[in-house]
Amino acid sequence: MRRRIRRRYAAERRFRLLGLGAILLSAAFLAFLLVTMVSNGLGGFRQTEIRVDIDFAANTLSAASAGGEIEAAVAAAAEAQYGPGGARALSDTAWLRVERAIEDDPSILARKKALWLPAASAIDGAAKGDGDGEAEALVTRLEQDDAIRTGFNTDFLTGADATDPAAVGIWGAFKGSLLTMLVTLAIAFPVGVLSAVYLEEYAPRNRWTDMIEVSINNLAAVPSIIFGLLGLAVFLNTFHLPRSAPLVGGLTLALMTMPVIVIAGRNAIKSVPPSIRDAALGIGASKVQVVFHHVLPLALPGILTGTIIGMARALGETAPLLMIGMRAFIATPPDGITSPASVLPVQIFLWSDEVSRGFVEKTSAAIIVLLAFLLAMNGLAIFLRNKFERRW
Amino acid sequence: MNSMTDTVAATPLRNDAAAKMTAREVSVFYGAKKAVDSVSIDISQDNVTAFIGPSGCGKSTFLRTLNRMNDTIANARVEGQIVLDGEDIYAPAMDVVQLRARVGMVFQKPNPFPKSIYENVAYGPRIHGLADGRAQMDEIVERSLKRAGLWEEVKDRLQDSGTALSGGQQQRLCIARAIAVDPEVILMDEPCSALDPIATARIEELIHELRGRYAIVIVTHNMQQAARVSQRTAFFHLGSLVEYGETSEIFTNPRVERTKDYITGRYG
Amino acid sequence: MSSLALFLLVVALAALGWLMARARATAFRRGGSAPRAHSLPSYHGWYVALWTAVPALIFIAVWTPLSANLVMDEVMSAPAAASLPPFEMQRVAILREAREIAEGIRPGGFHPESNALAPAYADALSRTRTMGAVVALLLAFAGGAFAFTRVSPHFRARTRVERLVMAALLGASTIAILTTLGIIASLLFESARFFSLVDPLEFLFGTHWSPQIAIRADQAGASGGFGAIPLFWGTIFIGAIIAMLVAIPLGLMSAIYLTQYARPAVRRWMKPLLEMLAGVPTVVYGYFAALTVAPAVRDFGKAIGIASATSESALAAGLVMGIMIIPFVSSMADDSINAVPQAMRDGSLAMGATTSETIRRVIVPAALPGVVGGVLLAVSRAIGETMIVVMAAGLAANLTANPFASVTTVTTQIVQLLTGDQEFDSAKTLAAFALGLVLFVVTLLLNIVALRVVKKYREAYE
């Protein structure tokens with residue numbers, strides 16, 4: 001008997017450990033994923049620069065020089081300083097920085113000036129400890145000359161997509177995401193809130209209302225890629241809206257986000273006690289006034305929390321945007337909701353497809369930016385919920 | 001079977017000279033269920049009228065028909081006629097919002113808005129456009145709070161939340177809120193049932209003070225309260241109006257057996 | 001006048017109408033002709049403003065796209081349009097240039113034709129724009145004036161305004177229905193076109209998937225290229241088998257631990273942590289799968305002697321998808337376990353059963369329908385998931401049960417068929433819609449069944 005009890009207790013302990021193990025394993029997956037991304041991506045926020053002495057006076061450069069001339073001059077200077085192959089040590093877009101330097105201070109055209117220019121991807125990798133022999137040898141040489149440094153990569157935070165991994169930036173995709181989210185919010189929020197109000201406060205119990213409810217509950221469960229197909233068939237092929245524009249992306253994501261907002265909104269509205277409605281009705285407020293003066297303000301924190309969560313989901317969404325053509329190479333940040341744009345998750349997807357090694361750290365760095373953005377949004381939602389949550 | 005329980009005895013006081021509201025043959029249905037059965041009653045302008053009866057007898061339901069609060073219940077249906085100063089309140093031309101401004105309501109549980117005390121009172125006048133400018137609104141708020149006997153207690157903290165007050169104070173705030181839109185009739189649906197005895201006494205006192213200025217109808221399941229605050233009493237049972245008369249009459253000399261049984265505590 | 005300026009003008013007119021009507025209604029009140037007017041002055045203001053703005057704005061919304069076509073027609077009928085090249089892309093470029101010249105955005109065109117077309121363009125533009133502006137402003141004035149004449153002490157402006165608000169609410173809620181109808185219509189319509197090219201039976205039961213062949217111009221019937229069974233199998237293999245083998249044990253055991261064993265503090269921290277797994281964007285999982293998991297799985301496969309192990313294995317995609325699904329399973333299981341009445345648990349414990357025996361013999365069987373419903377929802381979620389399989393699973397339509405081999409899924413193929421250069425009418429792109437239709441129907445059915453099961457289960461304990 002005692003042995004039997006001991007065996008049962010052992011089984012009990014095993015079961016308990018199994019449960020704990022399941023949780024810890026899940027948490028470990030999350031931690032592993034985050035650590036992988038961070039350790040791969042942190043390098044993306046740093047940039048290797050090489051000092052190049054450019055004798056502007058010796059060249060025939062002027063303030064009006066075309067890009068090609070500057071590029072040639074920079075290449076020549078690098079070759080002169082670091083021998084053959086020196087030009088290849090610089091990023092394809094290094095000359096842009098020279099051009100900017102000339103714009104900032106035209107007087108350097110008459111002088112010899114040392115400029116720090118972004119290194120090519122291979123050199124960048126070697127400087128961060130991940131390169132081939134040739135690049136590493138060059139880095140060692142440059143280090144002896146004090147001609148190489150690694151600093152914070154402002155280009156990454158301010159630039160857009162490029163073919164050279166050393167020159168890519170996230171700002172273009174970030175801005176595209178912002179514009180897309182703006183369109184999504186501008187449509188999904190009012191439509192979602194008004195639908196929630198209608199269904200919760202006014203809708204008569206009839207077949208039409210049932211149809212609306214069934215639609216909303218089903219839309220919340222439809223795979224996101226289906227919304228992409230809808231966007232492709234309706235917005236692009238029927239209405240001929242511009243491809244890969246934040247407008248179409250935002251519209252598509254709005255249709256996807258709206259059910260989330262409706263469901264959250266209905267729950268928030270439902271939690272406003274009926275006595276508040278009675279009170280307002282009792283002194284002669286109309287039904288519309290009751291809703292807009294009392295119910296909605298009280299339900300707003302809940303609605304906002306739901307909206308932010310829906311928006312966070314839309315922000316991380318990739319598949320529907322691929323369907324509407326948002327996978328083009330866009331080298332400039334969009335300047336409006338109708339110009340071609342990329343968004344953060346699509347940019348991640350595009351970079352992840354690149355073969356060049358330099359893109360690994362950039363992809364991970366972009367993921368860090370996306371996760372930080374999402375974390376901020378969810379933090380805001382939790383803050384709102386804790387601050388304004390009301391127990392009746 | 002007692003011969004006294006006949007409906008003839010329950011005929012309301014008709015042709016009341018000071019009748020503010022009159023109801024004729026009013027029935028209320030929830031779906032197929034009849035909650036109020038053919039009630040006819042006159043509500044007098046100068047008196048406090050109490051509706052008493054066991055729970056579920058339809059007194060609250062009937063009260064809510066007087067300012068059409070039943071409209072908010074999806075499957076509720078009202079038959080018969082209710083007239084306020086000669087106007088049929090269920091006529092299509094009657095605007096329910098204006099009706100409720102004239103016939104205010106105080107609810108069972110105090111339900112202040114989760115806003116400041118000032119805003120609670122000012123909300124009604126604001127939506128009805130009763131005040132031109134801040135000064136006039138201040139005046140209305142002060143007058144209403146004074147009439148509700150709350151001014152002295154809250155005058156220094158008008159910006160505090162209305163929900164931070166005690167239960168009795170909240171209920172007086174709700175009365176002030178109802179008064180602020182300058183109604184003609186005030187309906188009170190068991191206004192003291194959620195309050196302690198001291199707060200209850202304060203409210204009853206207040207009802208005395210308000211009498212005459214407003215026609216007041218109060219639903220209560222507390223017979224002592226009905227006896228204390230009202231001049232007229234109507235006894236409801238199983239959806240019908242059993243007996244209606246002077247409060248003193250009803251409590252000392254009821255004409256219907258059912259009324260007597262209820263008042264003497266045999267059921268309810 | 002551009003649409004934006006016109007829009008602003010109409011809004012300004014509406015604001016003016018608002019102010020005037022409000023002033024008039026206020027005067028009535030002051031004049032004492034209406035001691036208890038029905039509506040506040042501001043409602044009279046809104047009434048007039050809405051009558052001014054809404055018809056005019058609706059007109060602008062209809063006119064703006066319509067006028068673009070009118071302009072185009074007029075430009076194309078101009079004599080200068082005769083010299084346009086027949087090649088579509090050039091034509092579009094020239095027309096865009098001409099438009100930009102006409103609007104003064106650029107001084108001159110790169111193509112000589114666009115310079116010639118510009119005057120005609122400018123003409124047509126200004127004509128349609130003037131026409132639109134005149135009609136819109138007339139509508140605004142007429143609406144505003146009509147509404148203004150109705151402002152009177154006894155006019156029930158509030159009721160009218162509120163009626164419009166109700167219409168807006170109803171309109172907003174119908175968008176959900178329109179979206180659903182839009183999805184169904186576009187999927188059905190494009191699928192019907194696809195099935196006019198490809199036999200539906202072939203599509204549903206064929207085992208040979210190679211859509212690339214079909215775009216060859218000489219192969220009209222696309223025979224044999226669109227058998228979707230390998231796709232369906234791949235989807236089930238990854239989403240419903242491998243992912244669930246990961247997610248069900250981990251999710252269920254997590255839920256059991258959190259609800260039955262964990263202290264409240266642990267529960268408060270671990271639950272959001274698990275939910276974070278659901279908040280990570282799928283593209284991140286996809287990258288994680290492709291970058292880290294897939295090579296590890298391949299190496300492992302090679303190490304245990306499976307020569308065919310590829311870096312686009314079903315196992316890698318399924319594993320990562322399973323991780324993503326854990327929080328769905330665990331939160332549904334959590335709900336179902338919590339719904340089991342305490343009395344059942346107490347009954348078992350009182351007989352001397354240990355906690356784990358109670359869980360295994362009483363709670364889990366009682367909660368099973370809820371858990372099954374949750375698993376069905378999770379499956380529906382998994383088979384609709386796109387990015388993980390696009391990035392980590394392959395494109396080869398293999399009909400294999402070898403987890404180290406590459407399989408492809410419905411969603412992967414939809415993305416594959418619709419991206420890159422394609423004409424919209426080819427069987428290849430239409431096939432994506434047919435796949436979408438299948439995916440839509442299957443996920444919908446799974447959801448309906450799952451919700452039924454969960455609901456029945458809830459009712460049983462209420």
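Predicted model: local features only at pLDDT ≥ 70, side-chain atom pairs only at ≥ 80, totals over all residues.

**Entries on the A/B interface**

I looked for salt bridges across the interface of chain A and chain B, and the rule (a side-chain nitrogen of Lys or Arg within 4 Å of a carboxyl oxygen of Asp or Glu) finds 0. Residues are numbered from 1 along each chain as its sequence is written, chains are lettered from A and ligands numbered from 1 in the order written, and side-chain values use heavy atoms, without hydrogens and water.

Next I looked up polar contacts, and 5 residue pairs turned up across the interface of chain A and chain B, both residues at pLDDT 80 or more. Such a contact is a pair of N or O atoms within 3.5 Å; within protein, one must be able to donate a hydrogen and the other to accept it, and residues adjacent in sequence count only if both atoms are side-chain atoms.

Then I asked which helices of chain A take part: H11 (274-282) and H12 (287-315) each supply at least two residues of the side touching chain B. I note that helices are DSSP runs (H or I, at least four residues), numbered from the N terminus. The largest share of that side, 7 residues, comes from H11(A).

For the area, I found about 1500 Å² buried between chain A and chain B, with 66% from carbon and sulfur atoms. Buried area is the accessible area (1.4 Å probe) that two parts lose on being put together, summed over both. A:Leu281, A:Ile283 and A:His294 supply 36% of what chain A buries against chain B, more than any other three residues.
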